[in-house]
Amino acid sequence: MTDKCIFEYLDDQAAHFPLTRAFGAKKDGQWQYYSTAEVVDLVNRTSVGLLALGLKPGDKVATAVYKTSPEWVILDFALLQIGVLNIPLYPTISAREFAYILNESEAKYCVVGPGDLYEKMAAAQEHTPSLLKIFSFEDHEVAERWDQVLLAPVGCDFSEVAKIKSGIKPDDLATIIYTSGTTGNPKGVMLSHRNIVFNVEAMRKLLPLQMGDRGLSFLPVSHIFERAVVYAYVAYGVSTTFTGTENLGGDDGDLKAIQPHFFSTVPRLLEKVYERILGRGQALKGIKRKLFFWAIEQTEDWEFDKKYTGIKAFKRMIADRLIFSKWRAGLGGSIKGIITGASACPMRIMRVFNAAGIPVREGYGLTEAAPALSFSHFAPGGAMLGTVGQLLESVVVKIDDQGEYRPGEGEIWATSPGIMLGFYKHPEKTTEMIREDADGRWLVTGDVGMLVTGHHGGTFLKITDRKKELLKTSGGKYVAPTPIESVFKEHRLVDQAMIIGENQKFVSALIIPSEDGLKEWCHDHQIKWTNLAEMILLPKVIERYEMLVERVNPHFGHAEQVKKFVLLPAPWEPAKTDGTDAELTPTLKLKRRVILQKFEKEIAEMYA
């Protein structure tokens, strides 16, 4: 049912299934939790405090945190129920980008987490006349702590809050999310309560969660993906623990301590987990090492719903008992499911985790869809490798094949109750992305894909590329870089890759080796390891990557095949400390123009 407002989920939890551990995080080395009743009280008192500052429905308050906390959720619900818009900011963007968003949104106040966020926000405030004050979620030497100003006294009058709350409707604007963007200034996506509630309700039947389960949250709530997940945890009665990514694994890690049933992530984090697992395997000796890599070999033919019999089933049982059971224990031992989104998940990651009994499912969407359009189900027959799952209930997709596409392929247009209201203050950009016709109001995604039939029936969505990222060689051939990059990243020797060739005679690649994968290869070939920058200059290493290119090329047409490549020594990151532009967006997508500019010399040498 989408005919409700987001804040009603907290009311429902309080009325029907109150939790003693609703939201928690580690403070002063100890896990501390708020009950549902405590959260409701704090939310109401914060709403009163916000109104006392002079805020009214339609005003904006920005937030910026590296790590989500129960206090952020309390503030968010307090804003939602009085119609004040939370403008969550990516913590890794620059002070200049902070200033741009704050100016455009006309945010009156901002609340920041620890780290360098107050300093960045203060620098932005110098260029932001509308920003009256900056508060801090935690003790700060300059900023006032949020609860000392925004939290009204116990027993305060909630009547004005109740009056405003009762007047808020599902189609009212709930938040503005600024997209990270690969080029240009960020755009403010206006999402209503109905947009987000649709996603929460559409996933209710699909996730293997039940009341009282434990959810772990470590992705940034500046992205609607994780924010919708948090709302879903509230709606489903899941105890939610917030943490960061710096201490997830290990015997003393947060996964072992929390033993979550469910969490959401991005493919890059799953890749890093897998790299750490491989690193431990490489450190083994003798029969243990051989057994470890033998177990990984058993995952190479894994498919959803595939049945194994005879010797194959026996091998998988042995691999599970001796190797994969330890992986599951490392994730806390209670995982029912993991959702990955924001970018394409490499096939080898999907295979190895699912084969190891760790259910990973991929979803697809955009901030402008609040966010999901399709999802790979956990139920049998509901997922298919190489696709992003089945369309959510009430989502309709059409494939616009007007252009240079293969048969059945085209740009994905989608309509659903989750489609945004529009871009804030940019109606011309809204009309570029939202098209209306007799069949509905369509979101033009910019993604290229097709609808395919699953092995056991059902229709699945397959993403093949980004329309804006198609490159055209000087010979007039269109090349989709994403599928080629994905195949390269499947290999354990590759961390990141970018395909280039716009207006060039042939296609080339920038490749960043996987440090762990290359270390393993050097160990196996008796090559002494020094550091990545030196290793990529060795003729034997270059020859190994030439072999990899030769193996990848036959998967693609002649015009798509990589003729030259260059190995780079440092991974691309979503944030830089040296003042240069980051190579990745906060959601870990390639900033292609930035990368092309940074490595202009290396690219020129390939085409010399």
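Tutor: α1 and α9 are roughly parallel to each other, a label for angles under 35 degrees. Before we go on, this is a predicted model, where local features need pLDDT of at least 70, side-chain atom pairs count only at pLDDT 80 or more, and totals for chains, interfaces and linings use all residues. Residues are numbered from 1 along each chain as its sequence is written, and side-chain values use heavy atoms, with hydrogens and water left out.

Student: At what angle do the axes of α1 and α9 cross?
Tutor: Roughly 30 degrees, and the axes of α1 (residues 8-16) and α9 (residues 224-236) come within 8 Å. Axes here are lines fitted to C-alpha atoms, for helices over the stretch in contact, with angles from 0 to 180 degrees between N-to-C directions. Helices are DSSP runs of H or I, at least four residues, and strands are runs of E, at least two, numbered from the N terminus.

Student: Which residues in α1 and α9 meet?
Tutor: From α1, Tyr9, Leu10 and Gln13; from α9, Tyr231, Tyr233, Val234 and Ala235. Contact means heavy atoms within 4.5 Å.

Student: OK, switching to the sheet. What's the strand order?
Tutor: β2-β1-β11-β10-β12-β13-β14-β15-β16, nine strands in an open sheet with mixed pairing. Two strands pair if DSSP finds at least two bridges between them.

Student: And which are the edge strands?
Tutor: β2 (30-34) and β16 (390-391), each pairing on one side only.

Student: How many bridges link β13 and β14?
Tutor: Three, in the parallel sense, between residues 337-340 and residues 360-365. Ile338 has Val360 in β14 as its bridge partner.

Terms used
Parallel < 35°, antiparallel > 145°, perpendicular 65-115°, else oblique.
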